[in-house]
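Subject: Handing over a structure, with notes on what was found

Dear colleague,

I am passing the structure below to you, and the notes that follow it set out what was found. Please read them with the structure open beside you.

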Amino acid sequence: MKVAVTSMGQNMESKVDPRFGRANWFILFNTETAEYEVVSNEQNLNAGQGAGIQSAEIISRNGVEALITGNCGPKAFKALGAAGIQVYCGAEGTVAEALESFKSGKLEKASGANVEAHWA
Amino acid sequence: MSPKLTIAVASGKGGTGKTTVSASLSCAAADAGYKVAYLDCDVEEPNGHLFLKPEIDCRHLVGIPVPVVDQKKCVACGACGQICQYSAIVCINKNILTFDKMCHGCGGCALVCPAGAITEKSRSIGSIEGGSAGRISFYHGNLFVGEAFSPPLIRAVRSTGCNGLNIVDAPPGTSCPVISAIKGADYVLLVTEPTPFGINDLDIAAGMVKELGIPHAVVVNRHDPDNTLARDFCRDRGIKILAEIPDDRRIAEAYSRGALPYSAVPGYRELFKELLISAVKEAKW
């Protein structure tokens with residue numbers, strides 16, 4: 001299974017970016033092979049609006065099945081739902097630590113957005 | 001001479017006196033015998049009605065077209081999501097999602113859909129009310145609370161008015177709502193106060209009207225003879241000052257009662273009459 005973690009940097013020791021839509025990077029971790037790839041989210045960092053929706057589109061296109069992040073707003077949650085991606089909020093620390101929490105079941109699956117919309 | 005002239009009253013900074021100037025000008029124009037309409041385009045917080053006290057006799061809703069997707073016809077090609085600059089429609093995992101509140105109503109998605117799966121419905125974003133305040137035709141827009149895009153409503157307010165002199169009360173700032181309010185106007189009066197903040201924003205607003213190619217001049221509000229900030233700025237930029245409204249406590253007191261200096265403070269009738277004459281002359285009407 002491919003899991004996306006929002007990240008401030010480009011490796012496993014980078015801090016988790018608490019923002020989903022405007023995360024700096026997505027670390028796409030493959031739980032079967034323990035390999036990861038890095039996807040830039042630069043285009044959404046400066047988006048006027050809809051960053052969460054577009055970010056959902058990007059990770060969906062990359063075949064992600066679960067998302068680990070800090071916070072997720074309502075529009076992003078709706079888009080992630082359409083993509084069939086499970087959302088785990090409240091991740092902290094490094095990307096590696098967040099993945100560890102995920103694997104050990106410490107992160108709870110979100111049933112809805114955990115923050116308000118920024119826009120509209 | 002064209003029967004129609006539109007003068008927009010704008011400012012960079014908020015609270016400089018746009019409504020005081022535009023409503024007073026409208027009164028001066030009516031008294032001078034002009035056919036005049038006052039258009040309150042500050043649709044996020046219209047307040048001209050507090051001073052002109054119009055009798056409202058018509059109201060209608062203003063909407064923008066938003067997409068409706070027929071999932072049976074949709075081929076999930078994603079073209080709609082690619083054309084949309086605002087993420088208002090997106091194709092994810094062969095599902096089409098729409099976010100109405102983010103839609104600017106451009107119609108691009110319906111145009112590019114190869115399957116004809118997208119039609120449009122109107123989504124109301126606000127209302128326009130019209131009426132009369134004495135001999136002034138009055139129109140204002142009211143954006144619904146929670147709506148983010150005012151330009152379509154502002155354009156709808158701009159499409160009203162009369163076949164005479166139209167005075168537009170623009171929203172503050174220099175972004176899309178202001179552009180929508182002043183675009184196509186024959187002349188712009190930029191109201192400023194002679195403070196560093198006021199001049200800073202006047203500078204940006206003057207750049208905006210220059211870019212739009214609209215002839216303009218400045219009205220200084222809360223003018224103090226010892227403060228030359230506005231005069232210096234306008235002299236340096238070659239922008240005319242058409243009126244200086246004194247920093248007069250009586251104006252503020254009248255304002256707090258919902259009265260205009262034009263009618264409530266002795267001596268100001270003349271000032272606004274002269275401003276009207278100079279603005280009409282400068283606009284070459």
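At roughly what angle do the axes of helix H2 (residues 51-61) of chain A and helix H3 (residues 74-82) of chain A cross, and within what distance do they come? They cross at roughly 25° and come within 8 Å, where axes are lines fitted to C-alpha atoms, for helices over the stretch in contact, and angles run from 0 to 180 degrees between N-to-C directions.

Before the rest, some conventions: this is a predicted model, in which local features need pLDDT of at least 70 and side-chain atom pairs count only at pLDDT 80 or more, while totals for chains, interfaces and linings use all residues. Residues are numbered from 1 along each chain as its sequence is written, chains are lettered from A and ligands numbered from 1 in the order in which they are written, and side-chain values use heavy atoms, with hydrogens and water left out. Helices (H or I, at least four residues) and strands (E, at least two) are DSSP runs, numbered from the N terminus.

H2(A) and H3(A) are therefore roughly parallel to each other (angles under 35 degrees count as roughly parallel, over 145 as roughly antiparallel, 65 to 115 as roughly perpendicular and the rest as oblique). In their contact (heavy atoms within 4.5 Å), Gly52(A), Ile53(A), Ala56(A) and Ile59(A) of H2(A) meet Lys75(A), Ala76(A), Ala79(A) and Leu80(A) of H3(A). By class, these residues are six nonpolar, one polar and one charged, where Ala, Val, Leu, Ile, Met, Phe, Trp, Tyr, Cys and Pro count as nonpolar, Asp, Glu, Lys and Arg as charged, and the others, Gly among them, as polar.

In chain B, helix H7 (residues 196-212) and helix H8 (residues 229-237) pack at an angle of about 20°, with their axes 10 Å apart, which makes H7(B) roughly parallel to H8(B). Pro196(B), Ile199(B), Leu202(B) and Asp203(B) of H7(B) make this contact with Leu229(B), Ala230(B), Phe233(B) and Arg237(B) of H8(B), a set with six nonpolar, no polar and two charged residues.

Helix H1 (residues 18-31) and helix H11 (residues 268-282) of chain B, by contrast, cross at roughly 85°, their axes coming within 9 Å, and are therefore roughly perpendicular to each other. Their contact has seven nonpolar, two polar and three charged residues.

Between the chains, 15 residues of chain A are in contact with 15 residues of chain B. The buried area (the accessible area, with a 1.4 Å probe, that two parts lose on being put together, summed over both) is about 1,300 Å², of which carbon and sulfur atoms give 68%.

Lys121(B) lies in strand E6 (residues 118-133) and Asp100(B) in the loop between strand E5 (95-98) and helix H4 (108-112) of chain B, so the pair ties together parts that are 21 residues apart in sequence.
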